[in-house]
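Please find below my notes on the model, arranged as numbered points. They go from single positions to the chain as a whole.

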Amino acid sequence: LFIEGGAGTGKTWNAVEQAARLAESGTGQHVLLLCYNIALSRFLRDLVSRRPLAQGQISVFQWEELARHVLDSCHIGYQPPAEDTSVEAKQHFYERELPEFLLECVREEEFSASLPRFDALVVDEAQDHDTAFHEDFKDTGPHTECGWWSIYLALLKEEASSPIALFYDVAQRPPFRGRGGFDAELISKQLSQPAFARLPHALRYTQPLFDFLQTLSAPGSERLIEQLSEPEDLPEGPEVVVIDLDSPDTASVCESVAGVVKTWLHDGY
């Protein structure tokens, strides 16, 4: 399943629900629920903990946690660059050295029995995971067809024939990751029965927010506004607060935001 949807369309909720249904299918399945950033991984673990399973198991991993888990399972030490390492050195490690270590794990027969194996894969914010390795990464051997995704598929018991669900929005890919690094079609070519769907409407807003967002006009908000719909029963909420600051330094911004939140708490929100 390839599920595309903008901010607030329900991707994360659906990803957790899909992972739970896959986990409970058959006699119980072990599902890998994967994401890219650390904050989202914490949120997913919290959601999974609130979703009791009749059977099966969901393991939530942020991508670097998964890399460490794979290397540890294969008894290859994981030594990321120190915090004070140069940006160039960090890029070299994450874009070239780490993929080489992981490819060694999924390729070499001696590591096959040690690898963590999952029955199914669900990925939230899938657009953050590159479908091609760095341009200087010259390896064209097995498990490089669609970049990092080739490694993820190799960790599934039935590889590309396993149940897989991706939730993504290319417009939300962080600018520092570079545009064009994720290609859903490239992944779909590895699968026998890909199906595409789209979550068309953003649902995470109140009536006052809806009214305010309609007044915005900027490249950064166009995609979001296109996805808004106005059902008859949008929830009410506090009015949008617009604050003009003469000197928008950090301290004044924090003080202003704190004042708004204090008012909301006082009013019962």
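1. Throughout this note, buried means under 20% relative accessible area, exposed means over 50%, and partly exposed lies in between, with a 1.4 Å probe and protein chains only. At 61% relative accessibility, P248 therefore counts as exposed; P248 sits in the loop between α9 (219-226) and α10, where helices (H or I, at least four residues) and strands (E, at least two) are DSSP runs numbered from the N terminus. The C-alpha atoms of P248 and S86, which are 162 residues apart along the chain, are separated by 31 Å.

2. This is a predicted model, in which local features need pLDDT of at least 70 and side-chain atom pairs count only at pLDDT 80 or more, while totals for chains, interfaces and linings use all residues. Residues are numbered from 1 along each chain as its sequence is written, and side-chain values use heavy atoms, with hydrogens and water left out.

3. Is S41 buried or exposed? S41, which belongs to helix α2 (residues 38-49), counts as buried because its relative accessibility is 1%. Leaving aside neighbours within four places in sequence, S41 is in contact (heavy atoms within 4.5 Å) with C35, V60 and Q62.

4. A nonpolar core is here a set of buried Ala, Val, Leu, Ile, Met, Phe, Trp, Tyr and Cys residues joined through side-chain atoms within 4.5 Å. The largest has 43 residues, of which L66, L98, L121 and W149 touch the most other members. Among the elements giving two or more residues to this core are β2 (30-35), α3 (63-73), α4 (87-107) and β4 (120-123). Apart from it lies another core, of 20 residues, including I3, C35, V48 and A165.

5. Leaving aside neighbours within four places in sequence, the contacts of L121 are L32, L34, W149, Y152, L156, P163, I164 and A165.

6. V253, found in helix α10 (residues 250-266), counts as partly exposed because its relative accessibility is 33%.

7. For the chain overall, the secondary structure comes to ten helices and six strands, and the C-alpha atoms fill a box of roughly 60 × 50 × 30 Å, taken along the principal axes. Of the 269 residues, 42% count as buried. Among contacts with a separation of 6 or more, 75% are accounted for by residues 24 or more positions apart.
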